[in-house]
Amino acid sequence: MDDCITLTYQVEGGDLSHAGEASSGVKQALRKLGLDPSVIRRVSVCMYEGEINMVIHANGGTARVDVGLDDVTITLTDTGPGIPDIDKAMQAGFTTAADSVRDLGFGAGMGLPNMKKYSDEMTVESTVGVGTTVTMVVRIE
Amino acid sequence: MTLKEVRDILHAEVLCGEELLDTEVRSACGSDFMSDVLAYVKNQALLLTGLVNPQVVRTAEMMDMKCIVFVRGKQPDEAILDLAQDRQLVVLATKERMYNACGLLYINGLRE
């Protein structure tokens, strides 16, 4: 579709110090496209929390961002361990992250709740042992 | 309040972004927990933290902040400063503790 721009990123797992590079790339690309700053910020928070999750839980994955006229859709796909209980994972404060992640200022069970808070629509599909796909839509006002 | 005033009030050292010290800031937040900073999306321009790692810079970048103040005498490494410089962020370091640093800025007029 002509009116849609797609950005794709490979997110490397394991290296926590580089987590956020894809989100930074998305943010800069959206700025160049001239999107509203509040939309860019919401997309950035959703993408960044999701990217951190992929790095710490799933050894990386792929991020696809579709920028349309009416909304921005972020699709994060990994082949990590999967989420056994999605409802539980969505609860603020529920975490399975290691202490090393808390040292980074994350890992206290706020990632998915933050992503839900700042997206207009969010779906989480996960199969244990296969992987997880998180889709978030941020509408352009 | 300008970042120059922030520097003076906190007796802070400027680690990068000296040329951006005339930037005006109207709001701030203090936290060592980056998910909390991301959770409260407002227009905070200044981040005070005792956490020292590249994710502090990434968080400030995602939130369109102008300045990071490392409290309790924490010193970021070159990689963190390079990233901040690249993102046009001012980085200050103060020996004040978090509570005192926030209090000093508050009583001097940074109240949002």
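In which sense do strands S1(B) and S5 of chain B pair, and over how many bridges? In this predicted model, S1(B) and strand S5, which spans residues 90-93 of chain B, pair in the antiparallel sense, and three bridges join them. Within this pairing, Glu13(B) stands opposite Ala93(B) of S5(B).

Five strands make up an open sheet, and their order is S1-S5-S4-S3-S2, with mixed pairing. Strand S1 (13-16) and S2 of chain B stand at the edges with a single partner strand each, so one side of each of them has no neighbour in the sheet. On average, and with direction ignored, neighbouring strands of this sheet are turned by 20° against each other.

Helix H4, residues 78-86 of chain B, lies across S1 and S5 of chain B and runs at about 75° to S1(B). At the start of H4(B), a side-chain oxygen of Asp77(B) comes to within 3.2 Å of the backbone nitrogen of Ala79(B). Further along H4(B), the residues Ile80(B), Leu81(B), Leu83(B) and Ala84(B) are buried. Because these residues cover an arc of only 160° around the axis, they are on the same side of H4(B). The buried residues of H4(B) pack against S1, helix H3 (54-62) and S5 of chain B, whereas Glu78(B), Ala79(B) and Asp86(B), on the other side of H4(B), are exposed. Just after H4(B), Gln88(B) takes a positive phi of about 55°.

Helix H5 of chain B lies across S2 and S3 of chain B, running at about 150° to S3(B). Which residues of H5 (residues 98-107) in chain B are buried? They are Met98(B), Ala101(B) and Leu105(B), and because they cover an arc of only 70° around the axis, they are on the same side of H5(B). These buried residues pack against helix H1 (3-9), strand S2 (28-30) and strand S3 (46-49) of chain B. Tyr99(B) and Ile107(B), by contrast, are exposed on the other side of H5(B), and just after this helix Gly109(B) takes a positive phi of about 115°.

The next step is to turn to the nonpolar cores, and with them to chain A. The largest nonpolar core has 61 residues, and those with the most contacts inside it are Val43(A), Met47(A), Val65(A), Ile74(A), Leu76(A), Phe106(A) and Met136(A). Helix H2 (residues 37-58) of chain A contributes the largest share of this core, ten residues.

Ser119(A) is found in the loop between helix H5 (111-118) and strand S4 (121-127) of chain A. Is Ser119(A) buried or exposed? Since its relative accessibility is 8%, Ser119(A) counts as buried. A polar atom of the Ser119(A) side chain lies 2.8 Å from the backbone oxygen of Met115(A), and the backbone oxygen of Glu121(A) lies 3.5 Å from a polar atom of that side chain. Leaving aside neighbours within four places in sequence, Ser119(A) is in contact with Arg42(A), Cys46(A), Met136(A), Val137(A) and Val138(A).

A last residue gives a contrasting case. Glu12(A) lies in strand S1, residues 5-12 of chain A, and Glu12(A) is exposed, with a relative accessible area of 57%. Apart from neighbours within four places in sequence, Glu12(A) is in contact with Val55(A) and Gly60(A).

Terms used. Residues numbered from 1 in each chain as written. Chains lettered and ligands numbered in written order. Predicted model: local features only at pLDDT ≥ 70, side-chain atom pairs only at ≥ 80, totals over all residues. Heavy atoms only, no water. Buried < 20%, exposed > 50% of the residue type's maximum accessible area, 1.4 Å probe, protein only. Helix = DSSP H or I, 4+ residues; strand = E, 2+ residues; numbered from the N terminus. Arc of directions from axis to C-beta. Contact = heavy atoms within 4.5 Å. Core = buried A, V, L, I, M, F, W, Y, C linked by side-chain atoms within 4.5 Å. Pairing = 2+ DSSP bridges. Axes fitted to C-alpha atoms, helices over the stretch in contact; angles between N-to-C directions. Polar contact = N/O pair within 3.5 Å; in protein donor to acceptor, adjacent residues only side chain to side chain.
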